Amino acid sequence: MRRLTTDAGTKPIGPSAGAALLRGAALLIAAVLGLPALSPRPALADDMSCGFGPPRSSWVETSVVVAERGHDTPVMTSTTRVGVPRDWPGAAALLGDGSAVGCLLPPGGTPSVTMPADGADVVVQSTRETPLELYDTEWGAESAGLWSSRTSGDTRFVGLLPSPADLPPGLAGARWRTVVVKTPEFRARTVTPLPSEVLPGGTYVWRDGAAPPRVEVALPLSARSAFQRWSGLRGQDVLTVATYLGFALPYLLLAGLLVVLYRRSGDRDERVLVRITLGALAMITATEAVLIVGVLTGTLFLAGLFQVPETLAILVVAAPLCLAVRGLARTGLRWGLPMLAGAVLAAVGGLALLAARLFGDQPSDPLRVAPAVVTALLLTGAAWAIAVRAARVRGRTPRAVRALLCWSVPGLALLTLAYVTQTAVVGLRTSGFLPAAATSPFFLLRSLAYLMWPLVVLLLLLLLRLHGRRTDSVGPSTLWLLMFLFVVGTIRWLNTYAGMPFPLAGLVGLAALPLLLRLTRRAEVADPGVSRRRLAMIVDEYRDLEQREKGLRRRWAAGELDDEEHTKEAGPVVGRIRRLRMEIGLDPDREDGLSPLDVALSRGPGVTWWANARLAARYASYVGAPAAVFLIWATWSTDSRGHDGWLDRLGDPDGFYGLAGDLIGGLLIWPVAGFVLGALWRRLPGRRGYLKGVVPVLAYAAATGAHAVLNNVIGQAPVRGSLVRVLLLFLVLTVVAVLMDARTLQTRPGGLASRLTPVAVVYRLGTAGSGIALIVAQAAAVLGLWSQLRNGIDITSQVDTSAQAQAGADAQVLLGRVDR
């Protein structure tokens, strides 16, 4: 038997006394834990929060509007007005520092206090806006002022706070003059209780209630919202697969084309370059592949416990870096072995930091960010090594590639480090902890993979360079490489429809461009067998001879010359025309319908299609610079989500990522489009250059138009700026085509004016000739741009961060997406 020692002495404690002590402790614990549960909303129901007591008389007017705004976000906006007597003790506090607002209105919102002209009442008004989420709200509710919303199944219930315990204490005994529910975009299923009045536009009104009416309106979710909810709550596997396909499908199609080229090619250099490109594609898509495997197999939770995704992320960039550096060492590049040793040490250091995080205590913030910084630097090194290894397939790096890498590699390194820094700073400022992209190599690499498409563009250009050296004409394999270059470099493919990623624009572009080329197919003009300058001189002389021949014919028809005189004077002219036509391989009798001008303009200024492509890309870089500046400015000035200015957007954790994507896209679209125009120059329709840009512009318009149409059909946020982008592309490619024609017809060196003079003569500018079409088309494009600017331009970002699917809640914790 135990004994209890007290001041009075020692007393035995029997079983009954011990049981009583345990019961008392249990009752005390139950009381402590149960008291908070008796008050469902202590912040609103606690009278201690309002030391003035309820006013003797007050009135309430409240309304709520449920509508969609921005990028498919339903928003509940409530507005509440409360009037209290001027002699209420809290009225002075309302008019003073507003400390009594909590007596009358729930917390949040933007309250304002006014007093009508008669001075009898003091009116407090508050407006609060709450986005209504579709995910994880099955059992919870979202509030906006005096209103709340919950989702169950395919129905959203919007109602007034149901019981007096939920209301602020100052509204006890208030008269509810007006209660309004507006649902302009939804047709209510049920409305309770019976409203006093039903107005057009889905407006339901309850008037003059002595007590708050138990209003509840059931709204059906739209088909798109119901699908988004399903994909978020029950379709995570489907959403993960769709996200992977939305990102990787065009890459997978390109990989299939490269495998076919590898099997058919007998060129050792091309096979090496194909293997390098396939390795780069594997590196870019690896993180999405890891995620989909982990989610579908259910191993992501266990893998996250042991830092497996982070380890794989470092290995994904370290392995191609080491392989590429090893290949560079074999080609004779100096510092190859030291670079290989540095890459291995960096990878080992990153893995050691992960191991310390796993087996040690929680590290400080700099050490938590260190693995992501190492991954960013390894990714920069991998991109550089892959590009240099691919460029040195022929033994040396081309001068253009060296110049490109001189500024792109430091830019990529700064971009990755700035992305980590900006994400860390914004995360600490907004949520108080480091986000996943700043601490997890896996999530960092997953975000940066969406910005690695310029590496694919460079590798495709190097592949096309090998084709250009080997063939003078564009073959089927070369044509398909050009298709993918056009889609990757100008359109890109990441878009989201009703919460489900799908590369609609990219796939439409891959189908539209070859279809348009087939519909407008024309035979290539045979090689004239002379240099460009000689052909230009022949065109100039031929045009003069034709003018002389036509003048002689007019004089003969007018009777100024008889037959003998006409034959005598026209004979040498006709003979010279025949000799010039024979020199460039045309029918001397002119029965083929071609002229030297047609041959020259159809062939372009280059000897091969590769030379045409390089020249057009250079022209497009110069001409497209103002368009790039305008496009980037218009994209980052405002958008439909209410952001105003790029500084505001950098306050978003994904802001720097979006800025980098738009910057890269705004700069690369023009040289890539110009390269494709020049490469397809001899296959495109039209005997004048300004007509040849119509086909790529139409393909681009079909791709972006399909994206915009589907957005509008399903009621998603409208795509703004598609017409502006199409008009800009048309203007740039038209100017590039005119410069290409000017270069083709140039007979002697000189300034821009001397180069454009032959084109002006050929186009017959200022007369009713073919140049009128050019003037009309350019004027229409400029007027279209001016109308867009005048009416307010709103071009949203092309980088769709919403398409990056979220991992499950358990995996997010383990992988560092939320604070541990």
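## Terms and model

Helices here are DSSP runs of H or I with at least four residues, and strands are runs of E with at least two, numbered from the N terminus. By that naming, Phe 306 is found in the loop between H8 and H9.

This is a predicted model, in which local features need pLDDT of at least 70, side-chain atom pairs count only at pLDDT 80 or more, and totals for chains, interfaces and linings use all residues. Residues are numbered from 1 along each chain as its sequence is written, and side-chain values use heavy atoms, with hydrogens and water left out.

## A nonpolar surface patch

Phe 306 belongs to a nonpolar surface patch of about 610 Å². Patch residues have over 30% relative accessible area and no salt bridge; nonpolar side chains (Val, Leu, Ile, Met, Phe, Trp, Tyr) are joined within 5 Å, like charges within 9 Å. A salt bridge is a side-chain nitrogen of Lys or Arg within 4 Å of a carboxyl oxygen of Asp or Glu. Areas come from the Shrake-Rupley method with a 1.4 Å probe; for residues, only the protein chains shown count as cover.

Helix H8 (300-305) and helix H9 (308-330) each supply at least two residues of the patch. Phe 306 counts as exposed, at 52% relative accessibility. The classes are buried (under 20% relative accessible area), exposed (over 50%) and partly exposed (in between), with a 1.4 Å probe and protein chains only.

## A positive surface patch

Six arginines gather in a patch of positive charge on the surface: Arg 396, Arg 399, Arg 402, Arg 469, Arg 614 and Arg 618. Helix H12 (399-430) and helix H21 (609-637) are the elements that give two or more residues to this patch.

Arg 469 lies in helix H15 (residues 453-470). Arg 469 counts as partly exposed, at 47% relative accessibility.

## Aromatic pairs

Rings of Phe, Tyr and Trp (its six-membered ring) pair if their centres lie within 6.5 Å; planes under 30 degrees apart count as stacked, over 60 as edge-to-face and the rest as tilted. The count comes to 5 aromatic pairs. One of them joins Phe 247 and Tyr 251, edge-to-face, at 5.7 Å centre to centre and 80 degrees between the planes. Both residues lie in helix H6 (residues 236-264), 4 residues apart, about one turn of the helix. Phe 247 is buried at 3%, and Tyr 251 is buried at 4%.

Phe 247 also pairs with Tyr 450: the centres are 4.5 Å apart and the planes at 40 degrees, so the pair is tilted. Tyr 450 lies in the loop between helix H14 (441-448) and H15, and Phe 247 in helix H6, so the pair ties together parts 203 residues apart in sequence. Tyr 450 is buried too, like Phe 247. Ring pairs link Phe 247, Tyr 251 and Tyr 450 into a cluster.

Notes:
Lys and Arg count as positive and Asp and Glu as negative; His and the chain ends are not counted. The place of a charge is taken as NZ of Lys, CZ of Arg, CG of Asp or CD of Glu.
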